[in-house]
Amino acid sequence: MRETPRPQGTAGDSRAEHPQPCPGRALAHTTGASGSGTPHRSDGRPPHTPRGARYAGQGGRPGTSPPVPGRPAFLFATLLCVFAVITWQVASGGPLRRLDERLDRAVTGHGPSWLAEALADLGSMPVALPVLAAAIGYALWRGLRRQALIAAVTMALVPLLIVPLKDWIARPGPLEAATGYYPSGHTATAMVAYGGAALLLSPCVRRRWLMPAAAGALTVATGIGLVLHGYHWPLDVLASCCLCGALLVVSSTGMRRSSSRTPRR
């Protein structure tokens, strides 16, 4: 079979023909009616989603990337897992509980009793709740109503979670035969009250880490005072920190999302 030779342009041709678009086919990039060279669709209709409004997917390509669990979700799950393990060991009398009791007998009664009692009182409601109330009042004055509501609801959840656990576990105290010492209510009150106040006030200071650091120091001091004075076992304090830490993670996430939509005064 013989092929029909196609005409080919030579270097001496004075006219060079540009490729012509085939009829009935849309070009991805054609010159607009105004001659600006802006790419547009062949039917003249604007795209439903502007390219500048699309979220970048993986690798920088346009598209909407699905939400993935971040650090707050991982921290929340970790704290709840540790709390579940401690509760299981305390309720079943496992080796972790026996180690906890030996450790408590070794440290109870050490140090000045007045200092241990003063530290333990940091977790009492007459001391901790006014601090949170003052922070909530300041947040309301600045117009942060959602953040203040989240802090108040988080504090209200503490007795709803701690009291049933005390009745269910029914662990006796280090120095008393009475039950209801697990988990520590004083530690829970201190952590949520001081932690909630820190979340509300940290955006108002230049060094934001100072508020969470102060809240953590007050919570640790409360736990040390409770153990040294013989009010609670060490695992009682640690379990409250894990449970209330998970509450504060949820509270912090809610406040952070609300702050992006709430105007500040």
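1. A search of the whole structure finds four salt bridges, a salt bridge being a side-chain nitrogen of Lys or Arg within 4 Å of a carboxyl oxygen of Asp or Glu. The structure is a predicted model, in which local features need pLDDT of at least 70 and side-chain atom pairs count only at pLDDT 80 or more, whereas totals for chains, interfaces and linings use all residues. Residues are numbered from 1 along each chain as its sequence is written, and side-chain values use heavy atoms, with hydrogens and water left out.

2. One of the salt bridges joins the side chains of Arg 97 and Glu 101, at 3.2 Å from N to O. Both residues belong to helix H2 (residues 95–107), where they are four residues apart, about one turn of the helix; helices (H or I, at least four residues) are DSSP runs, numbered from the N terminus. Arg 97 and Glu 101 are both buried, a term that stands for under 20% relative accessible area, with over 50% called exposed and the range in between partly exposed (1.4 Å probe, protein chains only).

3. Glu 101 also meets Arg 171 through their side chains in a salt bridge of 4.0 Å, N to O. This pair links distant parts of the chain, since Glu 101 is in helix H2 and Arg 171 in the loop between helix H5 (145–169) and helix H6 (185–201), 70 residues apart. The relative accessible area is 17% for Glu 101, which is therefore buried, and 1% for Arg 171, which is therefore buried.

4. Asp 236 and Arg 171 form a salt bridge at 3.0 Å, N to O, between their side chains. Here again distant parts of the chain are linked, with Asp 236 in helix H8 (residues 234–259) and Arg 171 in the loop between H5 and H6, 65 residues apart. Asp 236 is buried, as is Arg 171. Through shared partners, salt bridges join Arg 97, Asp 100, Glu 101, Arg 171 and Asp 236 into one network.

5. Turning to helix packing, helix H3 (residues 113–120) and helix H7 (residues 210–229) pack at an angle of about 135°, and their axes are 7 Å apart. Axes are lines fitted to C-alpha atoms, for helices over the stretch in contact, and angles run from 0 to 180 degrees between N-to-C directions. H3 is therefore oblique to H7, given that angles under 35 degrees count as roughly parallel, over 145 as roughly antiparallel, 65 to 115 as roughly perpendicular and the rest as oblique.

Technical notes. Helix = DSSP H or I, 4+ residues; strand = E, 2+ residues; numbered from the N terminus.
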